[in-house]
Amino acid sequence: MHRKEVQALKCQILQPEEELAQVRRNLKTNTRHWLEVFDDLKKKHQKEVAALVKRLARMKELALRAERERDECKDKITQQRHRIYEVETALKEVKEKNTRLKAQPGLDHETSSIPSSKGIRHKKITKSRERTGRKPRPARP
């Protein structure tokens, strides 16, 4: 009977040890599966991060290009404003000169000491003789 009790006690001791060994094997298997899942998720996350980094770089490039274009447009606007200012200033000067010249009395050969041959505009002398309708005479030899 003592043998049966010893055998029963051995079974009681071995059964939990076998269960513990089985639990340890299951734990190793589960750990390996979880690590595989974690690696898969990590790879997927790294791909997503890489795609987002690439997209961010593209967005930065587009933003820099837009800023350069904006700066170029501002420069063009500034140049156009300077040109408009120059043209308006020149126009104002011409208008002032025109006003001054219009205010001066009409100076021509009749109202000044400038001879008619030096005048800017030569008036065409009109013929005061009326035509009779006859043919002109032949020239004398």
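Trainee: What does R65 count as, going by relative accessibility?
Mentor: Partly exposed, at 34% relative accessibility. Buried means under 20% relative accessible area, exposed means over 50%, and partly exposed is in between (1.4 Å probe, protein chains only).

Trainee: What sort of model is this?
Mentor: It is a predicted model, where local features need pLDDT of at least 70, side-chain atom pairs count only at pLDDT 80 or more, and totals for chains, interfaces and linings use all residues. Residues are numbered from 1 along each chain as its sequence is written, and side-chain values use heavy atoms, with hydrogens and water left out.

Trainee: Which side chain does R65 meet in a salt bridge?
Mentor: E61, at 3.5 Å, N to O. A salt bridge here is a side-chain nitrogen of Lys or Arg within 4 Å of a carboxyl oxygen of Asp or Glu. E61 is partly exposed too, with a relative accessible area of 39%.

Trainee: How far apart are they in helix α1?
Mentor: Four residues, so about one helical turn separates R65 and E61. Helices are DSSP runs of H or I with at least four residues, strands are runs of E with at least two, and numbering starts at the N terminus.

Trainee: Which residues are linked with R65 in a network?
Mentor: R58 and E61 join R65 in a network of salt bridges.

Trainee: How many salt bridges in the whole structure?
Mentor: Four. Among them, R70 pairs with D71 at 3.2 Å between the closest N and O atoms. R83 pairs with E86, and there the distance is 3.6 Å. R83 and E86 are three residues apart in helix α1, so again about one helical turn.

Trainee: New topic. How many helices and strands?
Mentor: One helix and zero strands. Helix α1 covers residues 2-103.

Trainee: And what share of the residues is buried?
Mentor: 0% of the 141 residues. The protein exposes about 15300 Å², with 57% of that from carbon and sulfur atoms. Those areas come from the Shrake-Rupley method with a 1.4 Å probe; for residues, only the protein chains shown count as cover.

Trainee: Now the second largest pocket. Which residues line it?
Mentor: The lining is K127, R129, E130, R131, T132, G133, R134, K135 and P136. A pocket is an open set of points on a 1 Å grid over the protein atoms alone, where a 1.4 Å probe fits, with protein on both sides within 12 Å along at least five of seven lines; lining residues have an atom within 4 Å of a point.

Trainee: How does the lining divide?
Mentor: One nonpolar, two polar and six charged. Asp, Glu, Lys and Arg count as charged; Ala, Val, Leu, Ile, Met, Phe, Trp, Tyr, Cys and Pro as nonpolar; the others, Gly among them, as polar.
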